[in-house]
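Visitor: Could you walk me through this one? I'd like to go piece by piece.

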Amino acid sequence: MRLIRVFTEGALARGARVSLGGAAALHVTRVLRLGAGDPVTLFNGDGMDYPSRISGLRRGSVDIDVEAAATARAESPLALTLVQGVARSERMDLVVQKATELGVTAIQPVLTARSVVKLDATARAKKLAHWRGIAIAACEQSGRARLPALAAPLELSQWLQQPAPAGALALLLAPDAGRSLVATAAGARAALLLVGPEGGLEESERDAALAVGYLACRLGPRVLRSETAAVAALTVLQSVAGDLT
């Protein structure tokens, strides 16, 4: 039987009754077509799965009884932050989805000189909520019980002013780099990966990243689209330093 996982906000514990409303209730009843007595696994991002059972349906809500608490599958040993230049809508959605499935710890969208998407404060808040929904759905599908930390978009210059976590390897994808991503990242315990938007980073932005300690790395001989480069590089990093074996 397919394991159905549903995210919910708030605390969960064995013996608790949870009421899902809004979009979550609609998803359970209209998309998944579940009813009273059907099993479902809840999670809230605390690293645990909560095997549960639907106890009743009401107008606009679903009552679920939590039957147990179980440790979910382990997160990657590699603490990996994707610093992604904001791309066009569907491309950025794909990056958030696949980065979540690939086990990133955090996603930091950044606005760069070549970013096609321009976001004011209101648009940034809406985009953040949208991307969080995509990350939640990716966690539900992939079996993750922790959501990646998803920060509001920053200007790249603002991000580069922030110190990198102690011990983290800061990496910048560049097709003409002298060092390979595979060799550079092997054995890392923590890493930041900076990927430009459509059109890549401007030379001044690349220089600014290098000046604060980022290492330029190549990812094969071909120039990749932004979303392809992000997914491919994250796969490489999880393979050489994480949990893709």
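Visitor: How many of the five residues of strand S11 are buried?

Guide: Four of the five residues of strand S11 (residues 169-173) are buried, so the strand is largely enclosed by the rest of the structure. Buried here means under 20% relative accessible area, exposed means over 50%, and partly exposed is in between, with a 1.4 Å probe and protein chains only. Please keep in mind that this is a predicted model, in which local features need pLDDT of at least 70 and side-chain atom pairs count only at pLDDT 80 or more, while totals for chains, interfaces and linings use all residues. Residues are numbered from 1 along each chain as its sequence is written, and side-chain values use heavy atoms, with hydrogens and water left out.

Visitor: Which strands pair with S11?

Guide: S11 pairs in the parallel sense with strand S13 (residues 190-195) over four bridges, and in the parallel sense with strand S14 (residues 215-218) over three bridges. Two strands pair if DSSP finds at least two bridges between them; the strands themselves (E, at least two residues) and the helices (H or I, at least four) are DSSP runs, numbered from the N terminus.

Visitor: What stands opposite Leu 172?

Guide: Leu 172 stands opposite Leu 194 in S13, and in S14 its bridge partner is Ala 216.

Visitor: Staying with S14, is Arg 218 buried, partly exposed or exposed?

Guide: Arg 218, which has its place in strand S14, counts as partly exposed because its relative accessibility is 32%.

Visitor: And what does Arg 218 touch?

Guide: Not counting residues up to four places away in sequence, Arg 218 touches Ala 174, Pro 175, Ala 177, Gly 178, Arg 179, Ser 180 and Leu 181, where contact means heavy atoms within 4.5 Å.

Visitor: Switching to helices: how do H2 and H7 cross?

Guide: The axes of helix H2 (residues 89-101) and helix H7 (residues 226-241) come within 9 Å and cross at roughly 10°, and H2 and H7 are therefore roughly parallel to each other. Angles under 35 degrees count as roughly parallel, over 145 as roughly antiparallel, 65 to 115 as roughly perpendicular and the rest as oblique. The axes are lines fitted to C-alpha atoms, for helices over the stretch in contact, and the angles run from 0 to 180 degrees between N-to-C directions.

Visitor: Which residues make that contact?

Guide: On the H2 side they are Arg 91, Leu 94, Val 95, Lys 98 and Ala 99, and on the H7 side Glu 227, Ala 230, Val 231 and Leu 234. The residues of this contact divide into six nonpolar, no polar and three charged.

Visitor: Where does Ser 226 lie, and what does its side chain meet?

Guide: Ser 226 lies in helix H7, and its side chain makes a polar contact with the side chain of Gln 84 at 2.8 Å. A polar contact is a pair of N or O atoms within 3.5 Å; within protein, one must be able to donate a hydrogen and the other to accept it, and residues adjacent in sequence count only if both atoms are side-chain atoms. With 7% relative accessibility, Ser 226 counts as buried.

Visitor: Which strands does S4 pair with?

Guide: S4 (residues 48-58) runs antiparallel to strand S3 (residues 39-43), joined by four bridges, and antiparallel to strand S5 (residues 61-66), joined by six bridges. S4 also pairs in the antiparallel sense with strand S6 (residues 70-71) over two bridges.

Visitor: What about the turns in those hairpins?

Guide: S3 and S4 form a hairpin with four residues between them, and Gly 45 in that turn has a positive phi of about 95°. The hairpin of S4 and S5 has two residues between the strands, and Gly 60 in its turn has a positive phi of about 80°.

Visitor: Which residue other than glycine has a positive phi?

Guide: One of them is Arg 33, with phi near 55°. Arg 33 is found in the loop between helix H1 (22-31) and S3, and it is exposed, with a relative accessible area of 68%.

Note on methods:
Ala, Val, Leu, Ile, Met, Phe, Trp, Tyr, Cys and Pro count as nonpolar, Asp, Glu, Lys and Arg as charged, and the others, Gly among them, as polar.
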